[in-house]
Structure formats: C-alpha cells, structure tokens
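User: Got a model open here. Can you walk me through it, a bit at a time?

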Amino acid sequence: MTTTSALPFTERSNPLTQNIDVADSKGIMDLLHSCDEEMLAGAFQFPGLQDDSIVRTILGAVDHIAAIMQEPGEQVVVMSGCGTSGRMAFLAATTCNSLLVESGRRPCCAYLIAGGDRALLTSQEAPEDDPLLGGRELQEAVTGKKKV
C-alpha cells in the first residue's frame, strides 16, 4: 500500500475536498471554488497562478506561441498531457488547427496524450507513469522543426 506522502503531489487527495462525496450541490460548488482560489493563490510549496514569476512565464509562452502561429513553416506548438489534460491538448490543438486553416494559415499545433490516441477514449495508466516514453514521443513530434 502506498502512503499518501509517497504519492506524487498531483496524485494526492486535496484536503479541501475530503468530504465532497457527502456534500450537497451547493457544498460541492463551494469546495470547488475553494480549490480554484487555492490554485490562484498558491498552495503547499507551489506558487499560485497570480505569482509574478508564473505570470511572466505564461506571457513569455504566449509571445512564443504567437510568433510560431504567424509563420508556422518548420515550427510547431506541442500541447500534451495525461488523461483529461491530454484530452484537452487534443481539443485545443485540433480546434486551433481548424481555425488556422479557416483563416488561410497553415496548421502548426500538435498534441500528445499519454497512451496515444487510444487514451482519448479509455484510460491508459501505464504510459502516464512512463516519462521516458513521453520524452520519446515529444522528440518524434518535434523532429525536423526549427522552433518549438
């Protein structure tokens, strides 16, 4: 049995929501709102999304992505994730590419989901826990690209 402290942070239960299973709908919304506030303000040893260093990093990424989208050519924006975040990467990349094509531009977004496209519909636990596989898949996605 794995102890909670041995689990990666992203796999642990959030103490704020330990009673979510017995809360009414208003209570559930309040608990989720508390989680949102925690994420924005920062929690545990992590900075919040409003932290200056995080805001600067996000703005830098936005500028970098905008430059790629202006002249896609040998450039690519890669979105990736495991599980739900991988499905969001799929949705964002395919939607963005569709919008680029509709506006007369070349698509430049790629997505990676742990477990491959099969994971879009069913959980693929083993690949989610294999960082070397993720690294290889990312390397394949960016091969031949000059800017990522």
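User: Where does Ala92 lie?
Analyst: In helix 3. Keep in mind that this is a predicted model.

User: Buried, exposed or partly exposed, that Ala92?
Analyst: Ala92 is partly exposed, because its relative accessibility is 34%.

User: How far is Ala92 from Cys109 in space?
Analyst: The C-alpha atoms of Ala92 and Cys109 are 8.6 Å apart. In sequence, 17 residues separate the two.

User: Aromatics next. How many aromatic pairs are there?
Analyst: The count is 1 aromatic pair. Phe90 and Tyr111 form that pair. The ring centres are 5.1 Å apart and the planes make an angle of 85°. That is edge-to-face, because angles over 60 degrees fall in that class.

User: Which elements does the pair link?
Analyst: Phe90 sits in helix 3, residues 84-102, and Tyr111 in strand 4, residues 109-113. They are 21 residues apart, so the pair links distant parts of the chain.

User: And what is the exposure of each ring residue, Phe90 and Tyr111?
Analyst: Phe90 is partly exposed, at a relative accessible area of 29%. Tyr111 is partly exposed too, with 23% relative accessibility.

User: Which residues are closest to its centre?
Analyst: Phe9, Asn14, Glu38, Ala43 and Phe44 are the closest to the centre of the largest pocket. The lining has 17 residues.

User: Which elements give two or more residues to that lining?
Analyst: Helix 1 (25-41), strand 1 (42-43) and strand 2 (46-47). Helix 1 gives the largest share, 3 residues.

User: What classes of residue make up the lining of the largest pocket?
Analyst: There are 10 nonpolar, 5 polar and 2 charged residues.

User: Cysteines now. How many disulfides?
Analyst: The count is 0 disulfides.

User: Is Cys82 buried, exposed or partly exposed, and what about Cys35?
Analyst: Cys82 is partly exposed, with a relative accessible area of 35%. Cys35 is buried, because its 18% is under 20%.

User: Helix 5: what span should it have, and what does the model show?
Analyst: Helix 5 covers residues 131-142, 12 residues in total. At 1.5 Å a residue, helix 5 should span 16 Å. Its end C-alpha atoms lie 17 Å apart, which agrees.

User: What comes just after helix 5?
Analyst: Gly144, with a positive phi of about 85°.

User: Last one. Where does Leu121 lie?
Analyst: Leu121 is in the loop between strand 4 and helix 4 (125-128). Leu121 is exposed, because its relative accessible area, 79%, is over 50%.

User: How far is Leu121 from Gly83?
Analyst: Leu121 and Gly83 are 9.4 Å apart in space, C-alpha to C-alpha. Along the sequence, they are 38 residues apart.

Definitions and conventions:
Residues are numbered from 1 along each chain as its sequence is written. This is a predicted model: local features need pLDDT of at least 70, side-chain atom pairs count only at pLDDT 80 or more; totals for chains, interfaces and linings use all residues. Side-chain values use heavy atoms; hydrogens and water are left out. Rings of Phe, Tyr and Trp (its six-membered ring) pair if their centres lie within 6.5 Å; planes under 30 degrees apart count as stacked, over 60 as edge-to-face and the rest as tilted. Helices (H or I, at least four residues) and strands (E, at least two) are DSSP runs, numbered from the N terminus. Buried means under 20% relative accessible area, exposed over 50%, partly exposed in between (1.4 Å probe, protein chains only). On a 1 Å grid over the protein atoms alone, a cavity is a set of points where a 1.4 Å probe fits but cannot get out, and a pocket is an open set with protein on both sides within 12 Å along at least five of seven lines; lining residues have an atom within 4 Å of a point. Ala, Val, Leu, Ile, Met, Phe, Trp, Tyr, Cys and Pro count as nonpolar, Asp, Glu, Lys and Arg as charged, and the others, Gly among them, as polar. A disulfide is a pair of cysteine sulfur atoms within 2.5 Å. The expected span of a helix is 1.5 Å times one less than its number of residues.
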